[in-house]
Amino acid sequence: MVKTFLRKYGFGYALLAPVVIYLVAFQFYPLFETIRISFYDYSLISGNKMTFAGLDNYERLFNSDRNFWTIMFNSVIWVFGSTILQFMLAVPAALILSQKLRARGLWRGLMMVPWVSPVIIVGLIWKWIYDGHNGLLNHYLTDINLISENIIWLGDEFWVWPALLLTSAWKGFPYITLMLMAGLTGISKDMTEAAHIDGANAWKRFLHITIPLLKPIIYVTGIITIIATWTKFEMIWALTNGGPGFTTSILPTYVYTNAFVYFDFGYGSAVATLSMLFVLIFALIYAKMFGKDNG
Amino acid sequence: MREPTIQRAIKYICLIILMIFTLFPFLWLINTTFKTNEAMFASIPTWWIEDITFEHYTWAFSGKGIELFGLLKNSIIVCFITALTTALVASVSGYGLARYVVPGMSFIVALLVLGQMIQGPLIMIPWYKFASAFSLLDSKTALVLIYNTMTIPVGVWIMSGFFKVIPKELEEAAYIDGASKLRTLFGVMLPMAIPGLVAISLYSFILGWNDYQYSLILTSTLDSKTVQVGIAELMGSLGSQNWGGLMASGVIAIIPIIVLFSLIQKFLIEGLTAGGIKG
């Protein structure tokens, strides 16, 4: 029994073993460890031993942390704001780059550059563009008379958000564009041409043929983007460190702040666990809302 | 059917707008690094450079701000080993995923998909704890191990896509000739999938090179600190005092990525879109 099973599947399991072992040892086990630590009082600063604390960390988070609701609210804005903005840039970009163009490969490659660039360097560039005194953005906005006074983009409680979202969308949109372009090549020319002959204008063709056919890809890419936006705190950290104050802190940056600035591992783990719960809930709501006809 | 001229003009104007939007920040970065400090902080910023200077690049390499050479060396070593290990696991397990249907396959696929979500802040704290328990804090080993958690799931995924398109007849012919399963993988299949393997390796290198969060928590000295953390620290400590030197360091740290990406662009785009559509 065992012998025939092994003969039949042994080699397959042997091939898959490295990746499974790696994932379980270095990702899934740490994940459970995060959840476990979240039930402990474990602060490196206090010097006390790790002691079981039940739900204390969570109670503190919900009841006595003044920043908590700001951070929750910010997290939602960050994930949905960034994802929606990325799509708003990616759809026109994909439509342009799917046209018949000279040297199209080159343009497609150049479009990808923000996406492959290191987030720290991207942060550096945009910090300089947003600079309150010598920044390019203030200069151009003054030139076209949109603003009369320089704005300290990353230091202003209101303006920091549009600035952050723009940079994050600029860095993330090429991936979505890439996926949409792959989808667009699959849409048959016949269909759009038939509609053209039937007198549908470009906008109608886009709305009634292109978008519905792209829906499965939009769905999958959307979920990937939401998760990617969620699991990285680097962009915010590079641009604002979560500030001014806690204005741009989200759950993932708050994990870092608590665990590696205040060295409170127990509390940090509770925030991380909550963060994980939220990404699951986001993904589920998203799947419920948009996944009906995409399986 | 020839396109009307107006339509063509609109098309190219849209393309130009898109390219400006995508690339002007990089152009501004490069532009700034060749300006003198006076020009950089002039009341009206301009793209025109009166006198070109290389002082910022000399400063970047001088070691006055950060030990750029040491940091670059660390990044290169860590990313190189990450690329190798990922290529190894991805070729073996990617082949398994593409060709061997075993009981529990959907579970393994679920692990792979979830593995791409379990990143960063979700696993940071235990990783720090383990690294310190095994005396791996501030070591290149810890970085290689954690970088592989980013690169292996996606690497296996993309690699299986490359294996799937190789015709099955090739394997069957090898078996008939008496080749063992392992020989078939390394002697017949892998050579066919070399483009995929190169793409995965270089992509892993890029992912490692761009990492900031893991290196931030796991490294502290020149023994293992990467160039990204170095630049971030410089940004924090200098603030806006030496934008020129900071930006020149940024240009130096971004060049390897642009070069690697231009090499693998075609394969990578193929691999990513195929993987994404399959979901």
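**Figure 1. Chain A of the predicted model and its buried share.** Buried residues account for 42% of the 295 residues in chain A, and the model shown here is a predicted one. The secondary structure of chain A amounts to 13 helices and two strands. Taken along the principal axes, its C-alpha atoms fill a box of roughly 80 × 75 × 35 Å. Of the contacts in chain A with a separation of 6 or more, 66% are between residues 24 or more positions apart.

**Figure 2. Chain B, built from 13 helices and zero strands.** Reading along the sequence of chain B gives the pattern α-α-α-α-α-α-α-α-α-α-α-α-α. The C-alpha trace of chain B spans about 75 × 70 × 30 Å along its principal axes. Here 46% of the 279 residues count as buried. For contacts in chain B between residues at least 6 apart in sequence, 79% join residues at least 24 apart.

**Figure 3. Where chain A meets chain B.** On the chain A side 69 residues are in contact with 74 residues of chain B. Helix α1(A) gives the largest share of the chain A side, with 19 residues. By residue type, the side of chain A that touches chain B holds 52 nonpolar, 13 polar and four charged residues.

**Figure 4. The largest nonpolar core, with 150 residues.** Leu124(A), Val271(A) and Val156(B) are the residues with the most contacts inside this core. Its largest share, 15 residues, is supplied by helix α7 (residues 140-164) of chain B.

**Figure 5. Helices α3(A) and α10(A) crossing.** The axes of helix α3 (residues 68-97) and helix α10 (residues 202-231), both of chain A, come within 9 Å and cross at roughly 135°. That angle makes α3(A) oblique to α10(A), and the crossing is right-handed. From α3(A), the contact is made by Trp78(A), Val79(A), Ser82(A), Thr83(A) and Gln86(A); from α10(A), by Gly222(A), Thr225(A), Ile226(A), Thr229(A) and Trp230(A). Sorted by type, the residues of this contact are four nonpolar, six polar and no charged.

**Figure 6. Phe32(A) on helix α1.** Phe32(A) sits in helix α1 (residues 2-37) of chain A. This phenylalanine counts as exposed because it has 11 C-beta neighbours inside 10 Å, and the cut-off for exposed is 12 or fewer. The C-alpha atom of Phe32(A) is separated by 17 Å from that of Pro252(A), and the two residues are 220 apart along the chain.

Figure 7. Gly243(A) and Pro244(A) are joined by a cis peptide bond, with omega about 0°. Pro244(A) lies in the loop between α11 (234-239) and α12 (251-261). Ala103(A), a residue other than glycine, has a positive phi near 55°. Its place is in the loop between α3 and α4 (104-111), and with 9 other C-beta atoms within 10 Å, Ala103(A) is exposed. Phe263(A), also not a glycine, has a positive phi of about 55°. This residue belongs to the loop between α12 and α13 (265-290), and its 15 C-beta neighbours inside 10 Å make Phe263(A) partly exposed.

Note on methods:
Residues numbered from 1 in each chain as written. Chains lettered and ligands numbered in written order. Predicted model: local features only at pLDDT ≥ 70, side-chain atom pairs only at ≥ 80, totals over all residues. Helix = DSSP H or I, 4+ residues; strand = E, 2+ residues; numbered from the N terminus. Buried ≥ 20, exposed ≤ 12 C-beta atoms within 10 Å, placed from the backbone. Core = buried A, V, L, I, M, F, W, Y, C linked by C-beta atoms within 7 Å. Axes fitted to C-alpha atoms, helices over the stretch in contact; angles between N-to-C directions. Parallel < 35°, antiparallel > 145°, perpendicular 65-115°, else oblique. Left-handed = near helix turned anticlockwise from the far one by under 90°. Contact = placed C-beta atoms within 7 Å. Nonpolar A, V, L, I, M, F, W, Y, C, P; charged D, E, K, R; others polar.
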